[in-house]
Amino acid sequence: MIMNLFDTISEDIKKAMLAREKVRLEALRGIKKEFIEAKTAPGAGGELSDDTAMKILVKMVKQRKESARIYQENNRPELAESELAEAEVIEQYLPKQLSAEELEAELRTIISETGATGPKEMGKVMGIASKRLAGRAEGRAISETVKRLLNS
């Protein structure tokens with residue numbers, strides 16, 4: 001039986017509780033809360049696709065890293081550490097992130113598929129790139145690379 005991401009997270013919460021892994025448990029409970037909110041949102045019909053789940057996880061990692069950065073700027077390393085530890089747990093449920101070289105190669109392919117030749121066509125490339133690379137690269141990294149490739 002293939003388990004979806006929601007079921008996997010629920011199982012992992014039980015394992016983390018048994019193993020008394022506080023940080024892991026906290027991160028997993030946060031994920032489950034977000035998933036439940038997405039499932040019960042108007043129009044979701046009580047369903048949560050793995051695609052939607054991936055977007056939620058990417059957003060959560062981004063939030064944790066941003067919070068950690070703010071904590072570090074405010075000289076609160078213990079809070080930053082906790083946020084980064086949670087981000088690490090959440091990232092385990094995402095596909096392997098593309099390296100800068102892999103990202104550039106993927107984007108060159110997309111640019112040639114779309115026939116984009118300059119910065120004015122960035123939107124066309126970003127639309128496809130965002131869908132195809134969802135969960136495997138940060139939006140900012142994608143747009144910066146697309147901009148650089150289209151301007152060269």
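Buried means under 20% relative accessible area, exposed over 50%, and partly exposed in between, with a 1.4 Å probe and protein chains only. Helices are DSSP runs of H or I, at least four residues, numbered from the N terminus.

This is a predicted model, in which local features need pLDDT of at least 70, side-chain atom pairs count only at pLDDT 80 or more, and totals for chains, interfaces and linings use all residues. Residues are numbered from 1 along each chain as its sequence is written, and side-chain values use heavy atoms, with hydrogens and water left out.

Stay with α7. Its buried residues are Ile 142, Thr 145, Val 146, Leu 149 and Leu 150. They sit on the same side of α7, because they cover an arc of only 125° around the axis. That arc is taken from the directions from the helix axis to the C-beta atoms. The face turned away carries the exposed Arg 140 and Asn 151.

Now turn to the largest nonpolar core. It has 23 residues, and Leu 28, Ile 31, Phe 35 and Leu 57 have the most contacts inside it. At least two residues of this core come from each of α1 (5-19), α2, α3 (50-73) and α4 (77-91). Another core, of 16 residues, lies apart from it; Leu 149 is among its members. A nonpolar core is a set of buried Ala, Val, Leu, Ile, Met, Phe, Trp, Tyr and Cys residues joined through side-chain atoms within 4.5 Å.
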